[in-house]
Amino acid sequence: MRTTDLSELAAFDAVARHRSFRRASEERGVTASAISHAVSNLEARIGIRLLNRTTRSVSLTDAGAMLLSQLSPAFGDIGSALDALNQFRDTPFGKVRINAPNSIAPFVLGPIIGPLIAANPNLELEIVATDRLVDIVAEGFDAGIRLGESLRDGMTAIRIKPRLKFAVVGSPDYFAKRSVPKTPADLSDHICVRNMYPSGVGYPWSFGRDGEGIDIEVKGPVALHDHELMIETALAGVALAYVWEDRARPFVESGRLVPCLGNWIVPEDWLYLYYPTRRYISAGLRAVIDALKVTSS
């Protein structure tokens with residue numbers, strides 16, 4: 001097979017997985033026009049249309065779907081073979097792409113980035129933090145970080161951190177005007193930041209005691225999905241916020257925020273690093289896993 005043939009097949013594989021020439025070009029490190037040219041050359045050479053293109057979308061023809069189903073395992077085997085060579089290096093080499101929720105990435109991944117890169121100078125770490133649920137295979141990630149309840153079948157999952165907890169926090173100025181809630185029911189008398197997913201769908205503040213869960217639909221003029229903004233709103237003294245305990249900890253320790261209802265909050269599901277089940281994982285991803293395991297001890 002000619003080198004150009006393999007390059008064109010790789011371009012098609014990327015477009016077919018992402019359903020996007022732009023995202024395929026980002027993965028391959030070339031321009032979108034170069035990707036389009038490579039796929040067009042491939043289609044012209046084999047005399048079969050593989051993709052349906054419009055100004056807004058890309059979809060597979062039946063022939064394209066069949067080709068993708070056979071190419072993906074083949075490219076996976078090539079990647080695994082190259083990854084296996086890392087055992088002969090002193091330190092990991094190459095790029096590792098990680099997806100993680102924006103709300104937890106700072107306190108989960110933040111502490112390991114510096115030591116990891118210092119110990120592995122040939123490693124390139126790319127982290128995309130978003131609270132949107134991501135298909136890590138379709139979007140070209142080596143691994144993702146999620147709570148166990150969000151994991152899909154066909155993934156290898158490694159527990160990386162003790163169970164996370166939420167915290168209800170308010171500023172001293174806020175509590176100077178209102179009493180500290182003693183039970184979740186007391187929140188009906190308080191102004192609260194309403195939590196929502198990136199889609200705009202809201203979710204309740206969850207509590208529990210004696211094995212029984214309690215969900216509270218709080219009231220307030222502000223609805224947010226970003227925990228940083230939630231904390232900023234609480235610091236402003238205008239509302240209580242329901243955020244990750246680790247995210248609020250520096251402000252609690254400095255006295256700028258005051259926690260409450262701690263004995264009513266139960267831990268969430270375990271946090272995992274997950275990746276597609278396959279024969280090999282790269283030495284770079286192994287280094288990331290080992291770094292995260294250190295933080296969990």
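## Domains and the interface of domains 2 and 3

Contact here means that heavy atoms lie within 4.5 Å of one another. In this predicted model, eight residues of domain 2 are in contact, in that sense, with seven residues of domain 3. The domain assignment of the protein chain places domain 1 at residues 3-74, builds domain 2 from two segments, 89-159 and 270-292, and gives domain 3 as residues 166-264. Between the C-alpha centres of domain 2 and domain 3 the distance is 29 Å.

The two domains bury about 620 Å² between them, and carbon and sulfur atoms account for 62% of that area. On the side of domain 2, Ser103, Phe107 and Asp131 supply 62% of the area buried against domain 3, which is more than any other three residues supply. The residues with which domain 2 touches domain 3 comprise four nonpolar, two polar and two charged ones. Although charged residues are present on that side, the number of salt bridges between domain 2 and domain 3 is zero, whereas three residue pairs are in polar contact across the interface.

Helix H9 spans residues 245-253, and its buried residues are Asp246, Arg247, Ala248 and Phe251. The elements that cover these buried residues include helix H5 (105-108) and helix H8 (227-235), together with strand S6 (155-161), strand S7 (166-170) and strand S12 (241-244). Just after the end of H9, Gly255 adopts a positive phi of about 85 degrees.

## Salt bridges

The structure as a whole holds 13 salt bridges. One of them joins the side chains of Arg45 and Glu8, with an N to O distance of 2.4 Å. Because Arg45 belongs to helix H3 (residues 32-46) and Glu8 to helix H1 (residues 3-18), this pair ties together parts of the chain that are 37 residues apart in sequence.

An α-helix has 3.6 residues a turn, so residues three or four places apart point the same way. Glu26 is exposed, with a relative accessible area of 52%. In the second pair, Arg23 forms a salt bridge with Glu139, with 3.8 Å between the closest N and O atoms. Arg23 counts as partly exposed at 28% relative accessibility, whereas Glu139 is buried, with a relative accessible area of 16%.

Arg28 is located in helix H2, which covers residues 21-28, and is partly exposed, with a relative accessible area of 40%. Leaving aside residues up to four places away in sequence, Arg28 touches Ala10, Ala14 and Ile35. Arg28 and Ala44 are 16 residues apart in sequence, and their C-alpha atoms are 21 Å apart in space.

Ser72 lies in helix H4 (residues 62-84) and is likewise partly exposed, at a relative accessible area of 30%. Between Ser72 and Asp13 there are 59 residues of sequence separation, yet the distance from C-alpha to C-alpha is 7.0 Å.

His190 is found in the loop between helix H7 (172-177) and strand S8 (194-195).

The side chain of His190 makes a polar contact with the side chain of Tyr174, at 2.9 Å. Not counting residues up to four places away in sequence, the residues that His190 touches are Tyr174, Arg178, Ser179, Pro181, Lys219 and Leu240.

Notes. Residues numbered from 1 in each chain as written. Predicted model: local features only at pLDDT ≥ 70, side-chain atom pairs only at ≥ 80, totals over all residues. Heavy atoms only, no water. Domains from an automatic or database assignment. Buried area = accessible area lost by both parts, 1.4 Å probe. Salt bridge = Lys/Arg side-chain N within 4 Å of Asp/Glu carboxyl O. Polar contact = N/O pair within 3.5 Å; in protein donor to acceptor, adjacent residues only side chain to side chain. Nonpolar A, V, L, I, M, F, W, Y, C, P; charged D, E, K, R; others polar. Helix = DSSP H or I, 4+ residues; strand = E, 2+ residues; numbered from the N terminus. Buried < 20%, exposed > 50% of the residue type's maximum accessible area, 1.4 Å probe, protein only.
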